[in-house]
Amino acid sequence: MKKLFLSCYLLLPFYLAAQSPLDVNESTLKVGALSEEVLYYGFCEGDQLLFSFEEVNGKELKEVEIIEMPSSSKFMDFKTTNIATKTIQVQHTGIYKFRFYNGAVGGRICKFKIQRIPSSDAAKNFNTTVYWKTIFDTTYYEVPERYLAKSDTAVENVVDQVAKVHSFMNSEGDKTTFNFSLPANTVSWSYYVGVGQEGIQAFARATANLSKSAGPALLKMPGYGPLAALALGGASFLASIQSGENVNYYLVQGSVNANGFTAGTQYSYYKKANVINDFSKMDPIPGNLYFCFYNDNYSKGIDVTVKVTAITVTKTYATRQIRKMDVKTHLESYLKN
């Protein structure tokens with residue numbers, strides 16, 4: 001038996017020599033300046049790989065290399081213009097990479113031939129085409145994320161007072177101003193202006209009607225009333241009254257405008273009206289705000305009830321770790337046989 005095996009082994013080179021080489025690829029390839037071209041072909045175990053190369057114009061190509069994938073270099077030549085047939089014995093079925101690198105600033109025209117001599121008749125039909133598939137590499141990692149942990153909504157009654165506005169005949173004059181500022185984190189606010197007892201009674205009626213219709217949760221909110229409902233966009237039950245003493249009022253920003261009102265010089269304002277009572281929902285305004293009142297009654301002073309309510313939202317943030325996914329892709333070669 002050992003003699004039979006030895007005889008077959010000794011006869012293998014003669015069998016291979018008797019086989020006609022099978023062409024894998026014979027072509028002309030242009031390798032651009034300072035660039036590289038690669039080709040991939042599959043070979044069967046026991047094959048003899050035959051490779052020849054010539055630069056058409058007799059110019060040097062910096063590197064020619066044959067690599068058994070993934071990284072086993074089987075042949076390499078430097079600064080070559082011509083390679084006579086190079087034979088490589090294929091030990092394992094696999095993919096071979098043919099690398100042509102041009103280190104010059106001018107292109108190179110390369111003719112090459114790749115052939116194989118199969119080790120048996122059964123291997124003649126081996127498919128040398130290399131196929132590619134996309135491989136997805138997924139990794140996971142954690143990063144800190146800032147998130148809203150809590151949001152607290154509160155009602156703050158900023159102003160609740162009565163302003164005395166004298167008449168024209170009074171020595172103190174017929175104009176009055178007072179200032180206020182909105183609390184931090186104000187998202188909306190509202191105000192009420194009412195003259196005399198009529199103005200106070202109108203607000204009291206709204207408060208009573210609101211307590212009858214508002215839900216228990218709202219009524220339990222500290223400071224909740226008609227102005228809070230108005231600032232939150234709900235039904236406030238506030239209503240305009242048609243009889244009673246009137247007042248001219250202006251809502252201005254900053255002392256410059258307030259002083260301009262008092263001096264009768266130029267000033268700007270956000271709101272103005274001549275009313276018995278008035279109310280409005282407002283967007284936040286930074287800085288000092290002033291209510292400026294003018295009494296057009298010649299001899300009778302008036303009392304003006306002024307109320308301001310702000311809705312504040314205090315946000316609390318925290319940090320947590322969140323999982324993220326990183327997907328990378330690469331091409332992987334394979335053979336079909």
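Axes are lines fitted to C-alpha atoms, for helices over the stretch in contact, and angles run from 0 to 180 degrees between N-to-C directions. Contact means heavy atoms within 4.5 Å. Helices (H or I, at least four residues) and strands (E, at least two) are DSSP runs, numbered from the N terminus.

The model is predicted: local features require pLDDT of at least 70, side-chain atom pairs count only at pLDDT 80 or more, and totals for chains, interfaces and linings use all residues. Residues are numbered from 1 along each chain as its sequence is written, and side-chain values use heavy atoms, with hydrogens and water left out.

**Exercise 1. Determine the strand order of the sheet that contains β10, and state which helix lies across β10.**

Step 1. Two strands pair if DSSP finds at least two bridges between them. The sheet is open, has four strands in the order β10-β15-β12-β13, and is paired antiparallel.

Step 2. β10 (175-181) and β13 (271-275) are the edge strands, each pairing on one side only. Ignoring direction, neighbouring strands are turned against each other by 15 degrees on average.

Step 3. Seven bridges link β10 to β15 (residues 288-294) in the antiparallel sense; Phe178 has Phe291 of β15 as its bridge partner.

Step 4. Helix α5 (residues 254-263) lies across β10, β12 (247-253) and β15, and runs at about 10 degrees to β15.

**Exercise 2. Identify which residues of α2 are buried, and what covers them.**

Step 1. α2 (residues 196-213) comprises 18 residues and reaches 27 Å from its first C-alpha to its last. This is close to the 26 Å expected at 1.5 Å a residue, where the expected span is 1.5 Å times one less than the number of residues.

Step 2. Buried means under 20% relative accessible area, exposed over 50%, and partly exposed in between (1.4 Å probe, protein chains only). The buried residues in α2 are Gly199, Ala202, Phe203, Ala206 and Leu210. They lie on the same side of α2 because they cover an arc of only 90 degrees around the axis, the arc being that of the directions from the helix axis to the C-beta atoms.

Step 3. An α-helix has 3.6 residues a turn, so residues three or four places apart point the same way.

Step 4. The cover over the buried residues of α2 includes β11 (186-195), α3 (216-219), α4 (226-231), β14 (277-282) and β16 (302-335). On the face turned away from the buried side are the exposed residues Gln197 and Lys212.

**Exercise 3. Locate Arg108, and decide whether Arg108 is buried or exposed.**

Step 1. Arg108 belongs to strand β8. That strand is part of an open four-stranded sheet with the order β1-β8-β3-β6 and antiparallel pairing. β1 (22-31) and β6 (82-89) each have a single partner strand, so one side of each is left without a neighbour in the sheet.

Step 2. The side chain of Arg108 reaches the backbone oxygen of Glu60 at 2.7 Å, and one of its polar atoms lies 3.3 Å from the backbone oxygen of Gly106. Both are polar contacts (a pair of N or O atoms within 3.5 Å; within protein, one must be able to donate a hydrogen and the other to accept it, and residues adjacent in sequence count only if both atoms are side-chain atoms).
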